[in-house]
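Q: Could you walk me through the side-chain details here, starting with the rings?

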Amino acid sequence: QVQLDESGGGLVQPGESLRLSCAASGSIFSINAMGWYRQAPGKERELVATIHSGSSTNYADSVKGRFTISRDNAKNTMYLQMNSLKPEDTAVYYCNAVVRPQALSPYRSYWGQGTQVTVSS
């Protein structure tokens with residue numbers, strides 16, 4: 001079984017920064033793509049950013065230039081540095097990873113439990 005543990009959420013004021021972490025553990029042979037998604041109250045879950053095993057990245061237009069996604073493959077950990085936070089960034093942030101648990105098994109998608117980010121003055 002694969003577990004994704006997120007941390008780093010909290011309450012901040014507009015303009016401040018937060019850094020989210022997502023650590024993958026358990027039966028992991030390899031990890032392909034990893035990503036951050038968020039869901040605000042009353043809205044659908046949306047893509048924030050993704051990073052592939054070759055370090056190519058993709059961002060939602062709403063966070064380009066403010067958020068940076070990165071990963072440490074040796075630690076099976078992904079990060080999201082969020083700068084210049086805005087009230088509209090308030091949401092539950094979810095970690096996703098596409099993992100191959102064993103050498104001959106197919107890739108599967110796993111989700112973390114979510115971490116709350118609140119941006120308010």
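A: Rings of Phe, Tyr and Trp (its six-membered ring) pair if their centres lie within 6.5 Å, with planes under 30 degrees apart counted as stacked, over 60 as edge-to-face and the rest as tilted. This is a predicted model, in which local features need pLDDT of at least 70 and side-chain atom pairs count only at pLDDT 80 or more, while totals for chains, interfaces and linings use all residues. Residues are numbered from 1 along each chain as its sequence is written, and side-chain values use heavy atoms, with hydrogens and water left out.

Q: How many aromatic pairs does the structure hold?
A: The structure holds one aromatic pair. The ring centres of Y37 and W111 are 5.1 Å apart and the planes stand at 65 degrees, so the pair is edge-to-face.

Q: Where do Y37 and W111 lie?
A: Y37 belongs to strand β4 (residues 30-39) and W111 to strand β10 (residues 108-111), so the pair ties together parts that are 74 residues apart in sequence. Strands here are DSSP runs (E, at least two residues), numbered from the N terminus.

Q: Which charged end sits over the ring of W111?
A: That of R45, 4.7 Å from the ring centre. The charged end of R19 sits over the ring of Y79, at 4.1 Å from its centre. The criterion is NZ of Lys or CZ of Arg within 6 Å of the ring centre and within 35 degrees of the ring normal.

Q: Switching to N96, what does it touch?
A: Leaving aside residues up to four places away in sequence, N96 touches L4, A33, M34, G35, Y37, M78, S109, Y110 and W111, where contact means heavy atoms within 4.5 Å. N96 is found in strand β9 and is buried, with a relative accessible area of 7%.

Q: Which side chain does N96 join through a polar contact?
A: The side chain of S109, at 2.8 Å. A polar contact is a pair of N or O atoms within 3.5 Å; within protein, one must be able to donate a hydrogen and the other to accept it, and residues adjacent in sequence count only if both atoms are side-chain atoms.

Technical notes
Helices (H or I, at least four residues) and strands (E, at least two) are DSSP runs, numbered from the N terminus. Buried means under 20% relative accessible area, exposed over 50%, partly exposed in between (1.4 Å probe, protein chains only).
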